[in-house]
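Here are my notes on the two-chain model you sent over. Have the structure open while you go through them.

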Amino acid sequence: MIRKSYAKTVFDICNILLMVAFAFVCLAPIAHVVFMSISEPSIVNTLSGIMLWPMGEVSLNGYKLILRNPNIITGYLNTLFYVCAGTSISALFTLIAAYVLSRRRMKYRNVLMFIVTFTMLFSGGLIPFYLVVRNLGLLNSRLSLLFPTALSVMNIIIMRTAFLTVPDSLEESARIDGANDFTILFRILLPVVKATFAVIILFYAVGQWNGWFFASIFIKDRALYPLQLILREILLQNQTASMSDATQLISDNLDLYKPLIKYATIVVSTAPILCVYPFVQKYFVKGVMIGSIKG
Amino acid sequence: MPAPKLLTSRPAFGRMGEDYVELLKDVALDIRKNKLVYLMAVPVIAYFIIFSYIPMSGIVLAFQRYQPGHGFFEGPWIGLQNFTDFFQSYYFWRLFRNTFLLSFLDLLFNFPLPIILALMLNEIKNAAFKRTIQTISYMPYFISLVVICGIISEFTTSTGIVTQLVAFFGGPKVNLLGQPDWFRPIYIGSGMWQGLGYNSIIYLAALSAIDPELYEAAMMDGAGRFRQTLSITLPCLVPTIIVLLILRMGVMFNVGFEKVLLLYNPSIYETADIISTFTYRKGLLDMNFSFSTAVGIFNSLINTAMLLFTNFLSRKYTDTSLF
């Protein structure tokens with residue numbers, strides 16, 4: 001008996017240590033990036049290894065430099081617009097589509113359901129999709145990031161499942177009182193399924209915030225770039241032009257500041273999501289579960 | 001999903017016209033009865049027609065020699081030329097192998113780990129500690145792909161942290177993203193960092209649904225914790241594992257296209273170039289629309305076949321299916 005509880009304690013300790021190590025591995029790269037962004041540039045450039053505490057003279061110079069960078073400011077504003085407008089459009093039409101597809105009184109709703117779900121099974125691929133968007137004249141327009149990819153079949157199905165769990169009697173009593181479909185959807189059913197709707201809104205919003213690929217093929221005008229495309233230039237394509245636009249004062253020693261700018265850019269673009277996510281993660285957790293169990 | 005009525009009730013040959021009229025009348029009646037609902041359906045259906053079905057008809061491009069300025073049906077027809085060109089090209093096997101291997105290795109390493117993590121988290125009795133670990137472990141999932149890839153490329157330069165670590169264990173001290181051999185480990189490893197915590201959520205949910213009485217009964221019978229995990233926890237997880245495994249197999253050829261696109265460069269095409277990035281390059285960079293569409297169709301067909309096959313398996317063995 002004593003040996004057994006001894007083994008148990010050893011297991012518990014190992015388990016906890018492993019979990020702490022795991023949490024460290026998850027956090028360390030993020031901490032490294034944050035501390036690099038406020039450390040002394042000369043140390044940042046020569047450091048080999050991980051930084052778990054700011055080194056040298058702590059300063060916000062990196063942040064001052066990027067806040068003076070018009071590319072990042074316009075990128076930020078554009079992304080805010082795409083997130084707000086895109087999420088509204090996507091969420092509204094997902095709601096409507098799910099409502100339509102869950103009406104049992106419609107005799108031919110299965111035809112509509114087939115039209116929607118068949119698109120999950122087969123697609124024309126990237127090129128025909130691109131050509132359609134081009135032929136519609138949407139290239140290089142903000143609309144190209146709001147409409148062509150607005151609806152996700154998976155999200156429609158999740159939302160539809162939520163509507164199907166609402167008892168029919170609720171709708172029937174509203175109809176007897178003379179409510180039309182819009183009233184039923186927005187006044188009666190929406191409050192009942194609002195938790196799932198919140199998940200859908202989150203999925204679309206994060207998708208818009210993080211999206212870069214369609215912007216990269218549809219948008220040529222830099223004034224319309226979302227933040228992620230500016231980030232790609234700075235982080236992955238090493239384009240100094242997008243780092244240093246109005247920052248003449250450092251053009252002499254740009255190389256010195258380059259890594260600092262990179263790290264500060266990562267922090268500025270990721271901070272909003274990392275600040276918000278602890279509060280919304282429970283909805284995501286819920287969404288994962290609806291998505292994979294009932295989907 | 002039951003098969004749509006329109007397709008199943010195909011009328012007998014002689015009475016086709018008559019039945020067709022009947023059907024139309026019935027549809028019209030249904031529309032009249034549910035006017036507003038059908039009205040709401042209009043923008044949704046329009047969306048899918050414009051952005052899914054019209055592009056689907058664009059697959060005819062694959063059988064043509066597309067010229068700029070032409071519509072989908074106007075180019076000269078060249079039959080299967082684009083497909084045979086692709087199958088006979090040097091790239092075919094390389095792309096096929098890379099796509100398959102990247103996906104398979106990802107499945108091999110990143111599928112079982114979330115299960116193990118969930119089991120370990122489940123053994124932690126202190127709720128606050130457990131919640132803290134969970135919250136931290138989801139964090140990487142919320143960082144955008146562009147930033148993740150930016151961090152990866154910073155960490156794998158010749159002086160980056162990951163490179164240092166690799167060099168410590170005897171690896172080369174060079175830019176790892178320029179080494180074909182290192183692309184797959186970087187792709188899989190960073191995928192692990194991004195998704196491990198998040199992917200364990202579903203298993204934790206399944207674990208919390210296990211009836212505690214089972215454990216009490218096992219304890220009465222003298223089963224230790226290890227024995228309980230082996231005889232109760234794992235068997236209870238098996239259905240979830242199977243469903244997720246089948247769903248995962250169904251998207252086997254849908255490799256994380258955007259991530260590869262952000263990370264790869266010509267010096268590592270040998271291991272990093274996959275079918276979808278090839279489609280992107282040939283089509284949107286080289287403007288070779290017809291050939292690229294053909295390659296895209298090939299990928300799409302494999303995906304569809306895998307999805308239908310695994311869906312069939314899933315329906316047969318687990319009662320869960322997409323369709």
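**Notes on the model**

1. Let me start with a loop: A:N140 sits between α6 and α7 (153-164) of chain A. Helices here are DSSP runs of H or I with at least four residues, strands are E runs of at least two, and both are numbered from the N terminus. A:N140 is not a glycine, yet its phi is positive, about 60°. In general, most residues other than glycine have a negative phi. With 13 other C-beta atoms within 10 Å, A:N140 comes out as partly exposed. The cut-offs are 20 or more other C-beta atoms within 10 Å for buried, 12 or fewer for exposed, and partly exposed in between, with C-beta atoms placed from the backbone.

2. Some housekeeping before going on. This is a predicted model, where local features need pLDDT of at least 70 and side-chain atom pairs count only at pLDDT 80 or more, while totals for chains, interfaces and linings use all residues. Residues are numbered from 1 along each chain as its sequence is written, and chains are lettered from A and ligands numbered from 1 in the order in which they are written.

3. Look for B:M287 in the loop between α15 (275-285) and α16 (289-318) of chain B. B:M287 is exposed, with 11 other C-beta atoms within 10 Å.

4. Now chain A as a whole. Chain A has 14 helices and 0 strands. Of its 295 residues, 39% count as buried. Take the contacts in chain A with a separation of 6 or more: 71% of them are between residues 24 or more positions apart. A contact here means two C-beta atoms, placed from the backbone, within 7 Å.

5. Where they meet, 8 residues of domain 1 are in contact with 9 residues of domain 2. On the domain 1 side, α1 and α2 (41-46) each supply at least two residues. That side has 5 nonpolar, 3 polar and no charged residues. For these classes, Ala, Val, Leu, Ile, Met, Phe, Trp, Tyr, Cys and Pro are nonpolar, Asp, Glu, Lys and Arg are charged, and the others, Gly among them, are polar.

6. A:G62 is worth a click. A:G62 lies in helix α3 (residues 61-67) of chain A and counts as buried, with 24 C-beta neighbours inside 10 Å. Leaving out residues up to four places away in sequence, A:G62 touches A:S37, A:L260, A:I261, A:Y263 and A:A264. A:G62 and A:P259 are 197 residues apart in sequence, but their C-alpha atoms are 9.0 Å apart in space.

7. Which residues have the most contacts inside the largest nonpolar core? They are A:A97, A:V100 and A:I200, in a core of 135 residues. Such a core is a set of buried Ala, Val, Leu, Ile, Met, Phe, Trp, Tyr and Cys residues joined through C-beta atoms within 7 Å. Helix α4 (residues 70-101) of chain A gives the largest share, 11 residues. Both domains of chain A give residues to this core, so it lies between them. Beyond four places in sequence, A:A97 touches A:V116, A:L151, A:I156 and B:V44.

8. The contact between the chains takes 75 residues from chain A and 71 residues from chain B. Several helices of chain A each supply at least two residues to its side, including α1 (2-38), α10 (194-210) and α14 (254-294). The side of chain A that touches chain B divides into 51 nonpolar, 16 polar and 8 charged residues.

9. Finally, chain B, with 16 helices and 0 strands. Its radius of gyration is 26 Å, well over the 20 Å that the globule rule gives for 323 residues, so chain B is more spread out than a compact globule. The radius is taken over C-alpha atoms, and the rule is 2.2 Å times the number of residues to the power 0.38. Buried residues make up 33% of chain B. In helix α8 (residues 145-155) of chain B, 11 of its 11 residues are buried. The buried residues of α3 of chain B include B:V44 and B:F51.

Conventions. Domain bounds come from an automatic or database domain assignment.
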